[in-house]
Each structure stands twice: as C-alpha cells, then as structure tokens.
Amino acid sequence: MESNRFKEAVEAIAVLKELGLPISKEQIRERRILEDKYLSETLVPQIQEYIQNLVEDVHKSFSLIVDYNYGSPVKVQIVGRSSNSQTEKNDNLQKKGKTENAFNALIAKKLWNKFSASLPSGNVVLKATFSQKFISISKLLRVIQSQDLMKYTLTLFEDLQLPTNGKLSPKKFIELLEPEQFITETTSDPAQRKIVLWSETQKVDKLEDGTRVKLFEADGTTPVMLKKTKPIKEGQWTLIILCELIAQKRYFEELRVSKSI
C-alpha cells in the first residue's frame, strides 16, 4: 500500500537524520512523490468518508478549509456558501494567499519566526548574531554551526531538513539546491554562477502623464504578477536567507515532482 511505502520512506529518512548521515536528493524526491500519493489516495478519501457520515442530517451547504503546516496543529475553518459574493470573496482570499506565499515565502517566514521565538528572551547579543550579515555562505555556516551556537540552531536545522552534525559545508549546501536557484552572470569576466532568491511583484504600468498604476487580470481583483530573481551578493548572507533558500528549494522540488507524476 502507498501509505505503508510513505511511512517507510519517512522512517528511513528519520533514521539517517538521527545517525547524522547524508540524505540524498533521490530519497527526498521519493518521499515527496509518496507524500503526494498518500494525500490524494489515502488521506482525502478517508476524510471524505468520515465527514460524509457526520453530515447526513445537515441541510445547509458549506465548504471546509483545512490548513496544515508541518509542526503545527491542523486548523479547520467552515465557510458558508449562502451567496455568490461570499464565494467570490473566498476565491479572492485564496488568490491573495497564493500571491503572498509565492515560492513558499510564508513557510520561510514561519520557520524563521519559530526559531526567533525559541531564542532566550532578553539576549540581545545572541539575536544580533543570528541577524548578522556575513561576507559569504562559508562564514555564515561556520558561525551558526559553531559549538556555542549549534545548540540554538539545531531545531532550525531539523525543520529545514539539514544535517545536524555541525559539518554542513558550503559545497554540500549548494549541492542541495535546485537548478532554478542558480543563474550565470555573463556581465562579469569570467562568467560567474550565482545563487538567487525568487520573488513576485505586481506588474505596474506607466501612463502618459507619468502616473504608475498596478495591473490586474480581467476579473479586476487578481493582480498580474512578475517573477524576479535576485543574486545573493557578498556581505548579504544571513540565516534568514538560508531559510528562504531551503523553502524555495522545496518549492522547485515539489513543482518538478508534480510534473513527473
């Protein structure tokens, strides 16, 4: 059964993490594929059957929104369907959520907030250290994996599914990233391969009088978005950028898996 295969894949990765052994991209991709199949072929049918038994005497139409983020409790919200305007409002909220979570931005923010909240309150020096900008990824990894700081970053590394043995090298980190997270700058001599962060911004049009207006789709509410990449330069490396890179890695990884199914 797919559910058993999925659990076996999760347990295998958990064992490797406990032993401090490397986890291959193939294992991550296999887990993602099995995870998608588990959700669609096991979880959804079971939830559907369970809810069906609960609503047999209910006459009012409604929709349920199930919100789940790894490490947090499941949230279920009931949404009425009494009017078209309410449905349109829900659709707009979903579109807005997708825009705000472009390239897993909300996931990165959640991981960072969880880490920040775990730090000892009142320790200004510690918080300043974790917000500090470093000249390179090498320097960043060396500092946050030091013996004094690893006790604070350990949980974050687990959430990011990074090695927790304090020996993650720049080379290994770069190998974890997806092809979309790199660009080649041809303006430099020689051409350089740079790590980039992806983002979305609403498209803006400039009118004849110089006024700049934001553009929307034909429905008048969905913003027209443009995708952008920003190379990470020397002196800009921070722990929060590391969180964003891993969140975006998951985005591109899951995108590729969904296309291969």
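Which element gives the largest share of the lining of the second largest pocket? Keep that question in hand while you set up the view. The model is predicted.

**Stop 1: the whole chain**

Show the cartoon first. The protein has 9 helices and 7 strands. Now colour by burial. Of the 261 residues, 26% count as buried. Contacts come next. Among those with a separation of 6 or more, 56% are between residues 24 or more positions apart.

**Stop 2: the second largest pocket**

Select Pro22, Ile23, Gln161, Pro163 and Leu176. Of the 26 residues that line the second largest pocket, these are the closest to its centre. The space inside is about 550 Å³.

Helix 1 (2-19), helix 2 (25-54), helix 8 (170-176) and helix 9 (239-260) each give two or more residues to the lining. Here is the reply to the opening question: helix 9 supplies the largest share, 4 residues.

Colour the lining by residue class. It divides into 11 nonpolar, 6 polar and 9 charged residues.

**Stop 3: the largest nonpolar core**

Select Phe173, Trp237, Leu242 and Leu245. Within this core of 33 residues, they have the most contacts. Then widen the selection to the contributing elements. Helix 9 gives the most, with 6 residues. In soluble globular proteins, nonpolar side chains tend to be buried together.

Zoom in on Phe173. Leave aside its neighbours within four places in sequence. What remains in contact with Phe173 is Ile137, Leu141, Leu168, Leu242, Leu245 and Ile246. Two of these names, Leu242 and Leu245, were also in your core selection.

**Stop 4: Thr153 in helix 7**

Move to helix 7 and pick Thr153. Is Thr153 buried or exposed? Thr153 is buried, because its relative accessible area is 0%, under the 20% cut-off.

Which residues does Thr153 contact, leaving aside neighbours within four places in sequence? Show side chains for Phe115, Phe130 and Ile144; these are the partners.

**Stop 5: the salt bridges**

How many salt bridges does the structure hold? There are 5. Visit three pairs.

*Asp159 and Lys114.* Select both side chains. Their closest N and O atoms are 3.1 Å apart. This pair links distant parts of the chain: Asp159 is in helix 7 and Lys114 is in helix 4, 45 residues apart. Compare the two ends. Asp159 is buried, with a relative accessible area of 13%. Lys114 is partly exposed, at 43%.

*Glu175 and Lys171.* Go back to helix 8. Both residues lie in this helix, 4 residues apart, about one turn. Their salt bridge has its closest N and O atoms 2.6 Å apart. Glu175 counts as partly exposed, at 39% relative accessibility. Lys171 reaches 56%, so it counts as exposed, the cut-off being over 50%.

*Glu178 and Lys249.* Select these next. Their side chains meet in a salt bridge at 3.4 Å, N to O. Glu178 lies in the loop between helix 8 and strand 3 (182-185), and Lys249 lies in helix 9, so the pair ties together parts 71 residues apart in sequence. Glu178 is buried, with a relative accessible area of 0%. Lys249 is buried too, at 10%. Glu178, Lys249 and Glu253 are linked in a network of salt bridges.

**Stop 6: Ile135 in a loop**

Find the loop between helix 5 and helix 6, and select Ile135. Is Ile135 buried or exposed? Ile135 counts as exposed, because its relative accessibility is 51%, over the 50% cut-off.

Not counting residues up to four places away in sequence, they are Glu234, Gly235 and Trp237. Trp237 takes you back to Stop 3: it is among the residues with the most contacts inside the largest nonpolar core.

Technical notes: Residues numbered from 1 in each chain as written. Predicted model: local features only at pLDDT ≥ 70, side-chain atom pairs only at ≥ 80, totals over all residues. Heavy atoms only, no water. 1 Å grid on protein atoms, 1.4 Å probe; cavity = no way out; pocket = protein on both sides within 12 Å on 5 of 7 lines; lining within 4 Å. Points joined across faces, edges and corners; volume = space filled by probe spheres on them. Nonpolar A, V, L, I, M, F, W, Y, C, P; charged D, E, K, R; others polar. Core = buried A, V, L, I, M, F, W, Y, C linked by side-chain atoms within 4.5 Å. Buried < 20%, exposed > 50% of the residue type's maximum accessible area, 1.4 Å probe, protein only. Contact = heavy atoms within 4.5 Å. Salt bridge = Lys/Arg side-chain N within 4 Å of Asp/Glu carboxyl O.
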